[in-house]
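Dear colleague,

Please find below the structure that I am handing over to you, followed by an account of what was found in it.

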Amino acid sequence: MKKRIFALIFISISLFLNARIEDYIDTRYEILEEKEIVFYANNKNFCPYQYKITFYGNYVENLSQKEFKGIINNGQGEVELFRIKSEEILPKKITFKERFKVGDPTLEPNSTYTYRLPFADNECYRVTQTFNSRYSHKGWQRYSVDFGMYIGSPIYAARGGVVVDFKKDSNIGGRNPKYAKYTNYLVIYHDDGTFSSYLHLKKDGVTVNVGDIVNEGDTVGYSGNTGWSGGAHLHFMVYKAMDFYFQTIPISFYGKGIEKIDPKFNTYYVASSKEKSNDLLETAIVENSNLNETISAQVIDEQAGGFPDIEEESIIIEDSSIGSF
């Protein structure tokens, strides 16, 4: 059962990370002098894409190569991807399969980058699920972090970049993996080739558009409880492109009184802009054993959280219970 659940997570989330390719990638080919194929593509998004073009049919036996792989960079207009000659006359219409995935696997992430906690200065939220958790942060998503946040809490960009995809039209969520496709999300591309994703946003809870440049600390949306979710929270992850798949990478955060820390389960963190992050610790990191001394009982109660029962059916998002993926 667990293997099936994790497979559903991978398939559903991979689908939205690769969403709307038809809106961004245009391809075409020409046949020159009946014996040469020239393939073109135009990447209209704001990040590179991987491509794989595979020819099939009787005519491929006359080609020296039947599969081509590479990168389509953005901002170049239509470019020639490759050309290949046939030993015999080609059919007027050739058959092929094309596959695309966002990102360039040859780019190396900046492993020393420290991310802003993705909420407002002086706001305090609890980590309800962290790296390699026992529930859903496994496989390619193992370096994800969940913050228990109310529906409608402002989300701040943890790192600057350009918006490359989003979904905001869903108002459906539930504790069953089949509802993962209803997740509202935002994807931002960074200058080192990595992507950050903010998941489970509320309906109409994305405040930016594809192509918008965002700075670290800008408001980019509002938290919610859409998709496969056990309560209102923000699922945040940073990932890089591999060879037609993704891999999350370990990340550290800064906040109030925190220069750099790896997120810990059941720990509260207070956000701060970078120029203020060296302020006194105050309530920056609060272990569960010290909650009564530093955080009001109201905050403790309202951010109770917990893991979802995956058999529960879907719900229309109306409550503001705090939870995790």
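Asn 122 is exposed, at a relative accessible area of 53%; here exposed stands for over 50% relative accessible area, buried for under 20%, and partly exposed for what lies in between, with a 1.4 Å probe and protein chains only. Its loop is the one between strand S7 (114-116) and strand S8 (124-129). The phi of Asn 122 is near 70°, a positive value in a residue other than glycine.

Phe 244 also has a positive phi, of about 65°, although it is not a glycine. This residue is buried, with a relative accessible area of 7%, and is found in the loop between strand S19 (233-241) and strand S20 (246-248).

**Basis of the model**

The model is predicted: local features need pLDDT of at least 70 and side-chain atom pairs count only at pLDDT 80 or more, whereas totals for chains, interfaces and linings use all residues. Residues are numbered from 1 along each chain as its sequence is written, and side-chain values use heavy atoms, with hydrogens and water left out.

**The chain as a whole**

The secondary structure of the protein chain comes to 4 helices and 25 strands, taken as DSSP runs numbered from the N terminus (helices H or I, at least four residues; strands E, at least two). Of its 325 residues, 52% count as buried. Among contacts (heavy atoms within 4.5 Å) with a separation of 6 or more, 71% are accounted for by residues 24 or more positions apart. The accessible surface comes to about 14,900 Å², of which 48% belongs to carbon and sulfur atoms; the areas come from the Shrake-Rupley method with a 1.4 Å probe.

**An open sheet and the cores**

An open sheet is formed by 3 strands in the order S4-S3-S6, with antiparallel pairing; two strands pair if DSSP finds at least two bridges between them. Strand S4 (67-72) and strand S6 (96-102) are the edge strands, each pairing on one side only. Strand S3 (residues 49-55) is joined to S4 by 6 bridges, and Gln 50 stands opposite Ile 71 in S4.

The largest nonpolar core has 33 residues, and those touching the most other members are Ile 37, Tyr 51, Phe 55, Tyr 59, Leu 63, Phe 82 and Phe 195. S3 gives this core its largest share, 4 residues. Such a core is a set of buried Ala, Val, Leu, Ile, Met, Phe, Trp, Tyr and Cys residues joined through side-chain atoms within 4.5 Å. Leaving aside neighbours within four places in sequence, the contacts of Tyr 51 include Ile 71, Phe 82, Phe 100 and Phe 244. A second, separate core of 32 residues includes Val 127, Leu 186, Val 206 and Ile 251.

**Two buried loop residues**

Asn 184 lies in the loop between strand S12 (172-174) and S13 and counts as buried at 0% relative accessibility. Its side chain reaches the backbone oxygen of Ser 170 at 2.9 Å. Beyond its neighbours within four places in sequence, Asn 184 is in contact with residues including Lys 167, Tyr 198, His 200 and Thr 226.

Gly 193 is placed in the loop between strand S13 (185-189) and strand S14 (195-199), and counts as buried at 3% relative accessibility. Gly 193 and Pro 48 are 145 residues apart in sequence, yet 8.5 Å apart in space, C-alpha to C-alpha.

With kind regards

Definitions and conventions. A polar contact is a pair of N or O atoms within 3.5 Å; within protein, one must be able to donate a hydrogen and the other to accept it, and residues adjacent in sequence count only if both atoms are side-chain atoms.
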